[in-house]
Amino acid sequence: MTSLISSLCLLLLPILAIASISEHAESLPKFPSPTRPRVAIIGAGMAGLSTARRLNELNIGSVDIYEALDRIGGRINSVPYCECLELSLVEESFDGYIQHGAQFINGDKNPLYEIANELGVVSDVLGDLEHVEGGRFFYGDCKVTNDDLDLFTDFTAPLDPKYRAIAHEDDVVSRRDAIYDVYQRDYAEFLQTHNISGHRRHVFDALSLTFRSYWEFEWASDWKDQSLRNLVDWDDKGAVGVSFTTNKIGYKAIIEKVAEGRGSARLHLNSPIGNIKWDDLRGVILTFENGTTVDTIYDYVIVTTSLGHLKKYHTSLFTPNVHRYRKRAIEKIGFGGSAKVFFRWANKFWNDEDHSIVTLAVKGCNGKDEVDAFDSEITTLQQLGWESNTMVAWIAGRGPRLFDEMEDEEISYRITDLMRRLTNNATLEAPELIVRQKLTKNKYLLGSYSYVSVAQARDKILHSDLAIPLRFGNQIRVQFAGEATHHRLFETAIGAFLSGRREADRLAEDWSARKPASLAGVGGYRLE
């Protein structure tokens with residue numbers, strides 16, 4: 001009931017704001033633009049481009065988009081890829097794009113699926129557990145029986161629906177516990193029931209890492225901080241545990257299609273904003289990171305930067321600083337990591353029918369007394385569907401920070417050593433190419449997606465709390481969009497897309513209420 005009341009209150013905020021602005025219109029500052037608002041969008045990722053696209057549909061305002069990177073897309077980053085060894089040759093001849101960021105579409109009841117389907121880039125349906133259930137296990141000379149593999153599958157199969165039921169039915173547990181906590185209780189009971197100890201215990205500990213990876217891949221975060229509330233608050237309105245994959249063009253086509261809709265909005269790349277001054281009588285004043293002030297004074301600024309960037313820089317990004325309730329939301333809403341490392345081997349050590357490889361590093365096996373951090377993070381390698389000599393390692397939770405501290409040469413040595421041990425092939429070659437990006441090292445991204453953290457759940461903070469605008473008096477000055485602001489589709493490109501449209505509509509409603517009666521209809525827009 002509390003969540004419902006909070007959601008209703010948030011839905012009413014734009015309506016209440018319009019009423020308040022109308023009652024105090026005489027006391028509002030004059031705007032730089034007499035007929036249409038001047039709008040700045042911070043960030044040219046999915047949320048920023050979606051905002052510009054919607055503003056263009058509504059025929060609203062003079063729009064500038066400021067992007068810190070040298071490209072559009074933000075955390076959506078499609079990189080040309082080919083069979084050529086030298087990446088410098090890729091632009092001359094490439095076969096498709098590897099997707100460093102978004103790759104899947106959650107559900108088919110959303111506008112991104114419609115765009116992707118229209119572009120012909122939807123390729124298949126994929127279950128969340130297929131990387132394990134359909135994977136080929138590699139464990140070297142370690143004693144691992146098919147009976148134990150089947151036993152673990154039977155144990156874990158009902159856990160996802162069980163945890164979803166707990167999350168929906170037990171508010172106390174869902175706000176108190178992480179996925180890790182409930183799994184540890186079930187795992188302890190499982191070990192006791194089947195009298196598992198010694199070497200077999202080490203085998204099942206290794207298998208547990210694959211189950212951990214399922215949750216960490218799914219929620220882009222350390223499962224020790226993943227609140228059960230993720231299973232309540234997130235909802236794509238589609239089948240549970242099913243996503244749509246995209247083809248070798250994928251999100252490259254999707255993000256460009258969204259960008260095309262921005263109309264006359266001006267895109268400024270390599271233009272990082274260092275400060276947003278939102279308490280000036282004239283409007284919102286922007287300053288670049290180098291200290292230069294932007295010439296235009298804006299009526300509205302819509303911030304779409306990643307939550308990771310907000311967490312680190314919010315105290316210097318806003319003047320005056322954000323209020324306590326927003327600071328609390330920024331600091332406690334979870335923001336995690338999910339990264340991909342692409343390995344290409346000249347000679348495959350797997351079969352063409354192996355959709356994925358499950359690497360089972362077991363304590364005390366294959367010459368290793370302990371399982372180190374690297375081995376525990378590499379649990380799954382998936383074949384790149386359109387380039388069969390390339391495998392993709394999904395790294396999530398604490399993994400991205402670990403890998404981002406390593407050089408390619410070290411990763412190459414470690415993955416070669418791991419696969420030699422697990423394939424019993426001491427002559428297995430090193431990968432000829434490694435392609436990755438270091439999200440946690442990019443100050444404008446600092447991770448991948450948001451999630452419901454344990455601290456957030458315990459304090460009953462909603463993702464939609466981040467969407468409440470900053471006001472100067474009764475006047476909306478700064479708005480927020482991005483996946484971390486969406487009430488039910490956080491952690492997705494869909495949520496980012498929808499949040500941009502939401503804020504464009506909020507702006508339109510607010511501007512309509514502000515305009516003097518003599519200018520009514522000048523903007524030429526309408527909400528649908």
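Notes on the model. I am working with a predicted model, in which local features need pLDDT of at least 70 and side-chain atom pairs count only at pLDDT 80 or more, while totals for chains, interfaces and linings use all residues. I number residues from 1 along each chain as its sequence is written, and side-chain values use heavy atoms, with hydrogens and water left out.

Overall layout. I find 18 helices and 22 strands in the chain, taking both as DSSP runs numbered from the N terminus (helices are H or I with at least four residues, strands E with at least two). Of the contacts in the chain with a separation of 6 or more, 76% join residues 24 or more positions apart, contact meaning heavy atoms within 4.5 Å.

Nonpolar cores. I take a nonpolar core as a set of buried Ala, Val, Leu, Ile, Met, Phe, Trp, Tyr and Cys residues joined through side-chain atoms within 4.5 Å. The largest has 78 residues, of which Met46, Leu112, Tyr183, Trp215 and Tyr251 touch the most other members. I followed Tyr183 and, not counting residues up to four places away in sequence, saw that it touches Phe152, Phe155, Leu159, Tyr163, Ser208, Phe211 and Trp223. Apart from that core lies another, of 27 residues, including Leu307, Leu317, Ala329 and Phe335.

Helix H12. Leu307 and Leu317 are also among the buried residues of H12, together with Gly308, His309, Leu310 and His314. I checked what these buried residues pack against, and the list is E10, strand E12 (300-303), E13, helix H13 (324-332), strand E14 (334-336) and strand E20 (449-451).

A three-stranded sheet. E10 and E13 also belong to an open sheet of 3 strands in the order E11-E10-E13, with mixed pairing, where two strands pair if DSSP finds at least two bridges between them. The edge strands, each pairing on one side only, are E11 (283-288) and E13 (318-319). I noted that E10 and E11 pair in the antiparallel sense over 5 bridges and form a hairpin with 2 residues between them; Asn275 has Thr287 in E11 as its bridge partner. On the other pairing, strand E10 (residues 273-280) and E13 run in the parallel sense over 2 bridges, and Lys277 has Thr319 in E13 as its bridge partner.

The second largest cavity. I count 7 cavities of 30 Å³ or more, a cavity being a set of points on a 1 Å grid over the protein atoms alone where a 1.4 Å probe fits but cannot get out, with lining residues having an atom within 4 Å of a point. Helix H2 (46-57), helix H12 (307-317) and helix H18 (493-514) each give two or more residues to the lining, the largest share, 3 residues, coming from H2.

Asp222. Not counting residues up to four places away in sequence, Asp222 touches Glu216, Gly397 and Arg398.

Technical notes. 1 Å grid on protein atoms, 1.4 Å probe; cavity = no way out; pocket = protein on both sides within 12 Å on 5 of 7 lines; lining within 4 Å. Points joined across faces, edges and corners; volume = space filled by probe spheres on them. Buried < 20%, exposed > 50% of the residue type's maximum accessible area, 1.4 Å probe, protein only.
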